[in-house]
Amino acid sequence: MCKQNENKPYCIGKRHIVTLLSFITCGLLNANRLVVGVGIVAMVKHSYTNETPHLNASEPSCPVDSRSSNTTIKTEEKGEMDWDSKQQGYVLVAGFLGCFLTQIIGGKIADSIGAKLPLVVSNIVIGASTFISPFAARWNIHAMILIQLLRSLSQGFVLPSLFRMMSNWYPRNERGPLTTIAVSGHSFGAVFGGVVTGWFCDVPSLGWSSAFYFWGIITAGIGILLQFVLYEVPQNHPNITESELKYITEAQESNMSEKRPTTPWKKIFTSIPCYAFFYGLFGHYWSVYYFLSVHPTFMGTILHLPMTENGAASCLPILTKLVGCFFASFMSNWLMKKNYVGVDKLRKYCTLIGCMGFTLCMVGIIMAECDTIINIICVCFCLFSEGIALSGVQIACIDMTPVFAGSLMGVASTIASLSTVLIPMMTGFLTTHGTLSEWHLVFWISIAIVGSSGFVYVIFGSADVQPWNFPEGHKSKSAEERPNNAELSDDERKNSLKLSTKL
């Protein structure tokens, strides 16, 4: 039985089911990426040498742990695939490249025909691609590259469609906590996916191929499940309660009409808040993907952490990010319920906390130099603060334009995802000798990018509903005209509902 207060349900509702499904879908995105990144270690025949690097005596360097041997150790791990490092790179790049090509069109499709169909089809294709990857790898490396490209192309449709779906289901005052919980699935998928895939690869009776089969079946199964339990809009759900439907629709700025409006691309690309959102999201992606991509290399090559400890040190910060994410989610929900702060200021405060937390902790890493414990503590606080930022710029597109959230997120995510390519390229170019001073340059560049993105978003960004979100001739009050960014007035709700018909 739901507790009722002014027709607002406080129990688990259908919008919470949407949040759970979104959380799982976000988690599977990273799990299907990691199954290749982790699995390729067991797939490929390795012959490598582990030796203490010979650095210039004038360069500062960290001492090697006394448990490590100074002698050269040669090891071989027998895998099935005889791929060199370049070929392995092609496979991994193909797994990310497709997202750059399809996110914008994915957002447009989600805004035009709806989000459910792209989510169902893309998850089934992702699952099928992962499942057949072992067969493709054993057949030909070109087949494996093609399959990974197909998977990444399909993944480009997921995130814009999810944001479109969430904008349909979430009332304005719950967008912060519910969307934050949903996108935190990325972090959960990174931790859980890496652990599960590593376990499959370590069990001789199962082997690396079983990890691909497992995640392929799970992902395709979720795609099929979405077809039966996910509904495009609350009005279409056959079992939603009248109180929840009224609560959702009356707390939204506008509803989609039967004929969906054309995406206002010109207004989007001439909007200063949109450009501030693009750069703010780019900085947020940079702060997160830096630690997921290249910082483990710093921990291993500069701080000389053994592989086991390096893996644990890499997973711990992701868990702290989840803690920060849920903390910010519930705090922001409480602040908005109490009308202590409006949506626009809340998004900016969370973004600024994330960027400043990253900046201060990166300075701490520079000052810590070879102190492993302080390094790990600083990384944990870095990602804790970035978890708070999930309630900021990461979800601001739903506030800016509930109607065109898919298209806006498709453009923004495409631009922000450039960081996943730029970070390893920059790091490889700047750390050719593997010295501490070279890594400090990488840190300072990251500080400049992430820090400036926070200030740009706070000064020029906005989480208020943009005028071009509404059909021409029908504009709502900006959030700044309402006290404490309160919900729409009863008259505004009635006028908004008059613009739409049931889907």
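Helices (H or I, at least four residues) are DSSP runs, numbered from the N terminus. The structure described here is a predicted model, in which local features need pLDDT of at least 70 and side-chain atom pairs count only at pLDDT 80 or more, while totals for chains, interfaces and linings use all residues. Residues are numbered from 1 along each chain as its sequence is written, and side-chain values use heavy atoms, with hydrogens and water left out.

Helix α19 spans residues 436–460 and holds both Trp439 and Phe443; because these residues are four apart in the helix, about one helical turn separates them. Their rings form a tilted aromatic pair, 6.3 Å centre to centre with 45° between the planes. Rings of Phe, Tyr and Trp (its six-membered ring) pair if their centres lie within 6.5 Å, and planes under 30 degrees apart count as stacked, over 60 as edge-to-face and the rest as tilted. Trp439 is buried, at 2% relative accessible area, and Phe443 is buried at 0%. Buried means under 20% relative accessible area, exposed over 50%, and partly exposed in between (1.4 Å probe, protein chains only).

The whole structure has 16 aromatic pairs. Elsewhere, Phe131, Phe135 and Tyr213 make up one aromatic cluster. Lys116 lies over the face of Tyr231, 5.4 Å from the ring centre; the criterion is NZ of Lys or CZ of Arg within 6 Å of the ring centre and within 35 degrees of the ring normal.

Two packed helices are described by the angle between their axes and the distance between the axes. Axes are lines fitted to C-alpha atoms, for helices over the stretch in contact, and angles run from 0 to 180 degrees between N-to-C directions. Helix α3 (residues 116–139) packs with helix α4 (residues 141–155) at about 170°, their axes 8 Å apart, so the two are roughly antiparallel. Angles under 35 degrees count as roughly parallel, over 145 as roughly antiparallel, 65 to 115 as roughly perpendicular and the rest as oblique. Residues in this contact (heavy atoms within 4.5 Å) include Val125, Ile132 and Trp139 of α3 and Met144, Ile147 and Leu150 of α4.

Helix α14 (residues 343–368) and helix α15 (residues 372–389) also pack at about 170°, with axes 7 Å apart, which makes α14 roughly antiparallel to α15. Among the contacting residues are Cys350, Phe358 and Cys361 of α14 and Cys378, Phe381 and Cys382 of α15.

Ser209 belongs to helix α8 (residues 208–229) and is buried, at 11% relative accessible area. Leaving aside residues up to four places away in sequence, Ser209 touches Pro134 and Arg138.
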